[in-house]
Amino acid sequence: MKRQTLLLLMASLSAIACVTSESTVKNAVSAAPANTQFDPSKLKDRTLSKNVSKAYAELCRIRPEDRDQVQFLRESVMYIFEIEIYNRSDDPLRTDVSRTYKPWKWYRTTSDHGKTLLTLSFNFDVLSLTILTIGVQRVPLKIVDSPVGCFKELTAEERVDMLREKVFDNFKKRKTRKLPEEEEEYSNRPEVTFVCNNVVREVDGRAVFANRCCARDSEGNISCSEQEDNLWITVLYVCIFLVKLMLFMFCPLLVPSNMYTASYVASEYVVKLAKELKFKMFVSESTTTSVRYKHRFTLEDISEWHRFRESVVNFPTDEIIDVKMPELRIKVKGKRIIPPNDPPTGLLRTIYDNLIRCKIRRLDPFKACCDKSIYASLEPLIKHKCTWEKLVLIFIKIVCLFLVPSPFYLRAYIYYKYEKDEIDSRRFLRDKLNLTDVFNPYRSNFVQYYSPTSWLFLSVYSVYIIAGLVIGFAEDHTRDKLKSIVRSAFHDMQNVSRTNVLQIILGFLLWPFRKLGLAALVSCPIISMLTAPIWCTVFILYCVPTVYLAYRLLFHIRKKLGTGDSIFESDKPLTKATKTVYKVHKKIAKIDKNVHIKREQFSDEEANSPCIAGFGRLAALRRLLVQIACGIFVMLVLISSVLLFVEAAGVIVEVLVFTMMGIIVNAGSTLRYVSMALLVIVYMHSCYDNVYENYLMFNNTIVEAVMDKVDDLKKVASLPSSMQENMAFQVGNYTVCVRADRRIVGTLSFLSLFISFTLFQR
């Protein structure tokens, strides 16, 4: 019946096409049943088809499938309408490809607060921990078109205009006559209502996503324009970018100093013996001897005993000699010494010491187990030996390798959970419109631009894993060399004097006044501009830690892996060009020396040896190749580490900023929760502070008691600074009892006191 009616209607319209008018066409279209899907494009007459389409568009209506969804909507900070056509698989709002991005998503607001939210990044909700979305309501809405299918036949612009008109009224049906209870609602309507949607703007062939907002005043006048960025929001994003840039430039300073400082890594202490140690020694180059001995050492065994080895070289060979040893020199790592003002307290410190540093093996239940073989009774059958302690240490290294970049895991989770779908949708529309992407450093980042699985981050992951494996499982010699290079570079960074750098730069700027006199008043700006590349390079090189660390790593690679010979040390006379280069080299070396504070050297810096021994061009070439490979490796590790850190720290900074913004903007809703959180934090800090103060008092009392037991401490402290050395004193047979408030706090014995005079001199 419906099909016959439609055919009759089409035949009637075709018969009177030559005399029909627009009003006649409207009447004809309206005569079709409401539930009949009519396609005007199937008409043979093009003029008639155009007129019918226009009339069909004007007669098309949409309404919510369930009016209860919009019946009780009142004014809020912002409504986000997410629209779809009811019971249709081919939704044109999802398939449209036009300059309107996501035509199914609309924003309605009546306040500047809502308009400001639209100027933020699309992921402001997750960055603010949903605090900024207080007062923002999402309305998933299904609509029904009448006649059925008419909404699909409209053009993309006609669909957008129709939806905008409906969003202005919250999809409520307009009434010419209002009920008394509705009069108050309409009288309280805001003066201006804003309805916005996302659009794509083309700028020099690049796609820029923006908001197109239409404003309707109380008289019903509508004006549309693209929303401009808020000045204060732009300033906010610039400040966030500057914080990220500072993190990139200064992130090496965040590395704990106890990981590379000489006084904490391995310091040498002198132990004065109460009684000289006497023993007999026999030095021989022969491996067989008739002398009876208790201990036998080869040169390889004493390779790290530099002072002892130098003394042995001067001893007579094949002769028994008497040796007296009045003192011992021992190396102690700083992490094994308890400083007086930093007691080892805290949950994280306990977990780190017992699990990461494996101090738990000293407990009685673990002592017997750690030294046992993992093969049990099968140990004699297996050549490779492995104890439980060694296996656990390998496991801890692997766990630490994957735990160190844990902040970046949070960044990747936020990307895949909340950002990936939006970024992929924008990339799809941009490709369909044949537009290119633009990287906005203020509102975007490398994770969003490339994705965590792009070639860039896959390369970073590979470099990080390789570096972790090399540091954790390489041979001791290779690992110690790399650690020595990195440690020396970090230590040099700590000893750079920014004041001296400023003095050198001022020296460049004041050079015209020293050489030209009053003429410098005119020539100084010109000379300063000409020398700007030099003093700017000096400033960036020594005042930007990331750049300085890269340069210093390459410096120590050449120093520690090479022979140490200068290219200017040659028997042949230097050419004129070489002399010029040599003069420049001397000036650069002088600048480098002046900007560094004299520091204590590491023990492995005192006797450097090339990575490849030998003479000749082949050995020199091999050393050069090793230095180049090592330089590329450490540069890749540095860049990868900095990139991962900046991306992870950058999102944490954004979360802090947007969360604080949400707390301030929605203070009425969040103040009670913030107050509760602050009270909990203050209470936790107070509890921990009490424990810390007790341990600090306990620690200081022990140090004072031990110092009172040492008789020679004042003698050593009274020596001139040039004669003072790091000293260690053992409190041998004394037991220190610490009392506080007339209660015994603890009893300790067999303590050792370490005094570092190098720190005092600094």
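Modeller: A disulfide is called here when two cysteine sulfur atoms lie within 2.5 Å. Keep in mind that this is a predicted model.

Biologist: What kind of bond is a disulfide, and how many disulfides does the count come to by this rule?
Modeller: A disulfide is a covalent bond between the sulfur atoms of two cysteines. By the distance rule the count here comes to 3 disulfides. Counting bonded cysteines along the chain, the pattern is 1-2, 3-4, 5-6.

Biologist: Which parts does the pair Cys-60 and Cys-150 tie together?
Modeller: The sulfurs of Cys-60 and Cys-150 are joined at 2.0 Å. Cys-60 sits in the loop between α3 (46-59) and β1 (61-64), and Cys-150 is in helix α8 (residues 150-153), so the link ties together parts 90 residues apart in sequence. The torsion about this S-S bond is about 65°, so the disulfide is right-handed. Cys-60 and Cys-150 are both buried.

Biologist: Now Cys-196 and Cys-213: what is the handedness of that disulfide?
Modeller: Their sulfur atoms are 2.0 Å apart and form a disulfide. With a torsion of about 110° about the S-S bond, the disulfide of Cys-196 and Cys-213 is right-handed. Cys-196 belongs to strand β6 (residues 192-203) and Cys-213 to strand β7 (residues 206-217), so parts 17 residues apart in sequence are tied together. Both Cys-196 and Cys-213 are buried.

Biologist: And where do Cys-214 and Cys-224 lie?
Modeller: This disulfide has an S to S distance of 1.9 Å. Cys-214 lies in strand β7 and Cys-224 in strand β8 (residues 222-226), so the pair connects parts 10 residues apart in sequence. The link of Cys-214 and Cys-224 is right-handed, with 110° about the S-S bond. For accessibility, Cys-214 is buried at 0%, whereas Cys-224 is partly exposed at 34%.

Biologist: Let's turn to charge. Which residues form a positive surface patch?
Modeller: Lys-333, Lys-335, Lys-397 and Lys-483 form a positive surface patch. One of them, Lys-483, is placed in helix α20 (residues 476-494). The relative accessible area of Lys-483 is 40%, so it counts as partly exposed.

Note on methods:
Residues numbered from 1 in each chain as written. Predicted model: local features only at pLDDT ≥ 70, side-chain atom pairs only at ≥ 80, totals over all residues. Heavy atoms only, no water. Patch = residues over 30% accessible without salt bridge, like charges linked within 9 Å, V, L, I, M, F, W, Y side chains within 5 Å. Areas by Shrake-Rupley, 256 points an atom, 1.4 Å probe, with all protein chains shown as cover. Salt bridge = Lys/Arg side-chain N within 4 Å of Asp/Glu carboxyl O. Lys, Arg positive; Asp, Glu negative; His and termini not counted. Charge placed at Lys NZ, Arg CZ, Asp CG, Glu CD. Helix = DSSP H or I, 4+ residues; strand = E, 2+ residues; numbered from the N terminus. Buried < 20%, exposed > 50% of the residue type's maximum accessible area, 1.4 Å probe, protein only.
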